[in-house]
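Reader: I would like to learn how to read a model of this kind, feature by feature. Could you take me through it slowly, with the general idea before each case?

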Amino acid sequence: MLRDPNICDACARLRLRRNREAATSLDLWIPHCEAFPDRVPDEIFLGGFDHRAAYPGDGGVRFAPREGAEDALRLYEERIGAV
């Protein structure tokens, strides 16, 4: 199973750390960033929330475009119907 494109795929702030408690390959990595140092909420990473808008607990830190990720952003925007 593949996940749908999300805004994190095009964000310069996204980081991944290995999940040592992973039960499946889908849980192998934990997405985190400056806004969410523990873990990016599922509503953003899986649910399609557009983090160019405020999200509870983000401390004002939001999406920052990653150089070279224009295609990833386009795919995400197509998914949410923003284009």
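Reader: Leaving aside its neighbours within four places in sequence, which residues is Leu28 in contact with?

Author: Before the case, a word on the source: this is a predicted model, in which local features need pLDDT of at least 70 and side-chain atom pairs count only at pLDDT 80 or more, while totals for chains, interfaces and linings use all residues. Residues are numbered from 1 along each chain as its sequence is written, and side-chain values use heavy atoms, with hydrogens and water left out. Contact means heavy atoms within 4.5 Å, and on that rule, with neighbours within four places in sequence set aside, Leu28 is in contact with Arg17, Arg18, Asn19 and Ala22.

Reader: Where does Leu28 lie, and is Leu28 buried or exposed, or in between?

Author: Helices (H or I, at least four residues) and strands (E, at least two) are DSSP runs, numbered from the N terminus. Leu28 lies in the loop between β1 (15–18) and β2. For accessibility, buried means under 20% relative accessible area, exposed over 50%, and partly exposed in between (1.4 Å probe, protein chains only); Leu28, with a relative accessible area of 25%, is therefore partly exposed.

Reader: How many residues apart in sequence are Arg18 and Leu28, and how far apart in space?

Author: Arg18 and Leu28 are ten residues apart in sequence and 6.0 Å apart in space, C-alpha to C-alpha, whereas Leu28 and Tyr76 are 48 residues apart in sequence and 22 Å apart in space by C-alpha positions. Arg18 is found in strand β1, and apart from neighbours within four places in sequence it is in contact with Leu28 and Trp29. Arg18 counts as partly exposed because its relative accessibility is 45%.

Reader: How should I read a pocket, and which residues lie nearest the centre of the largest pocket?

Author: On a 1 Å grid over the protein atoms alone, a cavity is a set of points where a 1.4 Å probe fits but cannot get out, and a pocket is an open set with protein on both sides within 12 Å along at least five of seven lines; lining residues have an atom within 4 Å of a point. Grid points are joined across faces, edges and corners, and a volume is the space filled by probe spheres set on the points. Here the largest pocket holds about 460 Å³ of space, and of its 16 lining residues Arg3, Leu26, Trp29, Phe45 and Leu46 lie nearest the centre. At least two residues of this lining come from each of β2 (29–32) and α1 (42–45).

Reader: How do the residues of the lining of the largest pocket divide?

Author: Ala, Val, Leu, Ile, Met, Phe, Trp, Tyr, Cys and Pro count as nonpolar, Asp, Glu, Lys and Arg as charged, and the others, Gly among them, as polar. By that scheme the lining of the largest pocket has ten nonpolar residues, one polar and five charged.

Reader: How many cavities are there of 30 Å³ or more, and what lines the largest cavity?

Author: The count comes to one cavity of 30 Å³ or more, and the volume of the largest cavity is about 90 Å³. Its lining has 13 residues, of which Cys8, Cys11, Cys33, His51 and Phe63 lie nearest the centre, and the lining divides into ten nonpolar, one polar and two charged residues. His51 is found in the loop between α1 and α2 (70–80) and is buried, because its relative accessible area is 7%.

Reader: How many disulfides are there?

Author: A disulfide is a pair of cysteine sulfur atoms within 2.5 Å, and the count here is zero. The sulfur of Cys8 is 6.4 Å from the closest cysteine sulfur, in Cys11, which is too far for a bond. Cys33 is in no disulfide either, the nearest cysteine sulfur being that of Cys11, 6.4 Å away. Cys8 counts as buried at 9% relative accessibility, as does Cys33 at 14%.

Reader: How many aromatic pairs does the structure hold?

Author: A pair of aromatic rings is described by the distance of the centres and the angle of the planes. Rings of Phe, Tyr and Trp (its six-membered ring) pair if their centres lie within 6.5 Å; planes under 30 degrees apart count as stacked, over 60 as edge-to-face and the rest as tilted. The structure holds two aromatic pairs. The rings of Phe36 and Tyr55 have centres 5.9 Å apart and planes at 80 degrees, so this pair is edge-to-face. Phe36 lies in the loop between β2 and α1 and Tyr55 in the loop between α1 and α2, so the pair ties together parts that are 19 residues apart in sequence. The rings of Phe49 and Tyr55, with centres 5.0 Å apart and planes at 70 degrees, also form an edge-to-face pair, and Phe36, Phe49 and Tyr55 form one aromatic cluster.
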